[in-house]
Amino acid sequence: MTTDTTGTVARDGDPRPGGPADSPFIRACRRRPVPHTPVWFMRQAGRSLPEYREIRASVPMLESCRRPELVTEITLQPVRRHGVDAAILFSDIVVPVAAAGVDLDIVPGTGPVVAEPIRTAADVERIRRISRDDVSYVDEAVRQLVVELGDTPLIGFAGAPFTLASYLVEGGPSRTHAKTKALMYGDPELWHALCARLAEVTLAFLRVQIEAGVSAVQLFDSWAGALSEADYRRFVLPHSTAVLSGLADAGVPRIHFGVGTAELLGAMGEAGADVVGVDWRTPLDVATGRIGADKAVQGNLDPCVLLAPWPVVEAEVRRILKQGRAAPGHVFNLGHGVLPETDPDVLTRVVALVHELSSRRADQG
Ligand code: CP3
């Protein structure tokens, strides 16, 4: 039996009763019985919260990710406000890439923008391997958060090689991923070298978070849905597998998420996930049929539904809870991130409703 850095949680033995490893969220990821269906929201820490907008008004995005006291405060905000079952570290998928020496910024309203996009083997070599010292602010923030959060689990995360490569090759967000695919089809050797390096950076970044005490990790391959299953298997799966399988012995559940991935759900599970994230296009029972009964599922509520009148939201929550019962483990979440225009009170009500509708009385077993 090993203990984590806080000395309180056995990672590979029986979890401390009531501790984060025994929380409804981690139990659902591990397909164990839960007292209620756990719920958290992708992008729960962000612009939907006035207290977030206040902090960020005077601090640029990347700088806020590098200040442990701000990371801690922003990560805790949605836990305090909504009573969600898990916190997710406040950071961004490009943080480790910037730490690896790539000159980039996160532009408000646009997203990540890269000064010199990656086009050649020499460009790939410019992406340095990273160690804990390169992201010491993340290490510090996670350690602080684990103490502050107590029994609430903290989710660490990183971007998957394909989604990171898309930003690096395009130089910024892209609708078609045309330059990325041109490189992938036109120079497979360079493509694989780029993704292999990104997988190394991602794996190292996730290991820092796990050693600092996160209870689970999520690998975001947000844009993988741009690919056919055949191309996904050939050009992406080996690299995402290198990351997720590289964490098989780390003792924390691994979640793998993308958007528009109806055709890829099975393959994304094969990459080495314990939980597969599902967008709003595929009902959870259908998704489970594709993923297999040995993995939990997470997601499916369309973020836009939260902008609709409450009866619409309630009907959707009920539908997703019902269809989620087809899976061996269910984590309630959105199909993608919270939209900035979302009324935070609706999120709070959704948490309460999920808990109320799913709570299992002791006599129900
Ligand atoms: O979920 C959370 O609460 C944790 C925080 C988080 C952020 N980025 C903070 C952020 C997470 C998990 C991410 C991951 C991320 N970043 C992804 C994968 C998830 C997804 O949404 O698909 C991607 C593709 C990125 C890249 C990125 N960074 C985009 C597309 C944007 C939005 C640009 C914009 O302004 O609309 C960012 C910036 C960003 N990352 C913000 C936040 C809260 C907004 C910055 C701001 O407040 O100005």
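Helices (H or I, at least four residues) and strands (E, at least two) are DSSP runs, numbered from the N terminus. The model is predicted, so local features need pLDDT of at least 70 and side-chain atom pairs count only at pLDDT 80 or more, whereas totals for chains, interfaces and linings use all residues. Residues are numbered from 1 along each chain as its sequence is written, and side-chain values use heavy atoms, with hydrogens and water left out.

Figure 1. Seven strands form an open sheet in the order 1-4-5-6-7-8-9, with parallel pairing. Strand 1 (87-88) and strand 9 (330-331) stand at the edges, and each has a single partner strand, so one side of each lacks a neighbour in the sheet. Two strands are taken to pair if DSSP finds at least two bridges between them. In general, the strands of a sheet pair through backbone hydrogen bonds, either parallel or antiparallel. Strand 7 (residues 275-278) and strand 8 (residues 296-299) are joined in the parallel sense over four bridges. Within this pair, Val 276 stands opposite Val 297 of strand 8.

**Figure 2. Strand 4 and its two partners.** Strand 4 (residues 154-159) is mostly covered, as six of its six residues are buried (buried means under 20% relative accessible area, exposed over 50%, and partly exposed in between, with a 1.4 Å probe and protein chains only). Both faces of strand 4 are covered: Leu 154, Gly 156 and Ala 158 are buried on one side, and Ile 155, Phe 157 and Gly 159 on the other. Strand 1 runs parallel to strand 4 and is joined to it by two bridges; here Ile 88 stands opposite Ile 155. Strand 4 also pairs in the parallel sense with strand 5 (residues 216-220), over five bridges. In strand 5, Ala 216 is the bridge partner of Ile 155.

Figure 3. The buried residues of helix 9 (residues 178-186) are Thr 180, Leu 183 and Met 184. Seen down the axis of helix 9, these residues fall within an arc of 100°, so they line one face of the helix; the arc is that of the directions from the helix axis to the C-beta atoms. They pack against helix 8 (161-170), helix 10 (188-212) and helix 11 (229-245), where contact means heavy atoms within 4.5 Å. His 177 is found in the loop between helix 8 and helix 9. At 6% relative accessibility, His 177 counts as buried. Its phi is near 60°, a positive value in a residue other than glycine. Most residues other than glycine have a negative phi.

**Figure 4. Helix 10 against helix 11.** Helix 10 and helix 11 pack at an angle of about 25°, with their axes 8 Å apart. That makes helix 10 roughly parallel to helix 11. Axes are lines fitted to C-alpha atoms, for helices over the stretch in contact, and angles run from 0 to 180 degrees between N-to-C directions. Angles under 35 degrees count as roughly parallel, over 145 as roughly antiparallel, 65 to 115 as roughly perpendicular and the rest as oblique. Helix 10 passes helix 11 in a right-handed crossing (a crossing is left-handed if the near helix is turned anticlockwise from the far one by less than a right angle, and right-handed if clockwise). The residues that meet include Trp 191, His 192 and Leu 206 in helix 10, and Arg 234, Phe 235 and His 239 in helix 11.

**Figure 5. Helix 7 against helix 10.** The axes of helix 7 (residues 136-149) and helix 10 come within 8 Å and cross at roughly 30°. Helix 7 is therefore roughly parallel to helix 10. This crossing is right-handed. Helix 7 contributes Val 138, Asp 139, Val 142, Arg 143 and Val 146 to the contact, and helix 10 contributes Phe 205, Val 208, Gln 209, Glu 211 and Ala 212.

Figure 6. Val 94 has its place in the loop between strand 1 and helix 5 (95-99). With a relative accessible area of 3%, Val 94 is buried. Leaving aside its neighbours within four places in sequence, Val 94 is in contact with Leu 104, Ile 106 and Pro 112. Arg 43 lies in the loop between helix 1 and helix 2 (50-56). Arg 43 is exposed, with a relative accessible area of 55%, and has a positive phi of about 60° although it is not a glycine.
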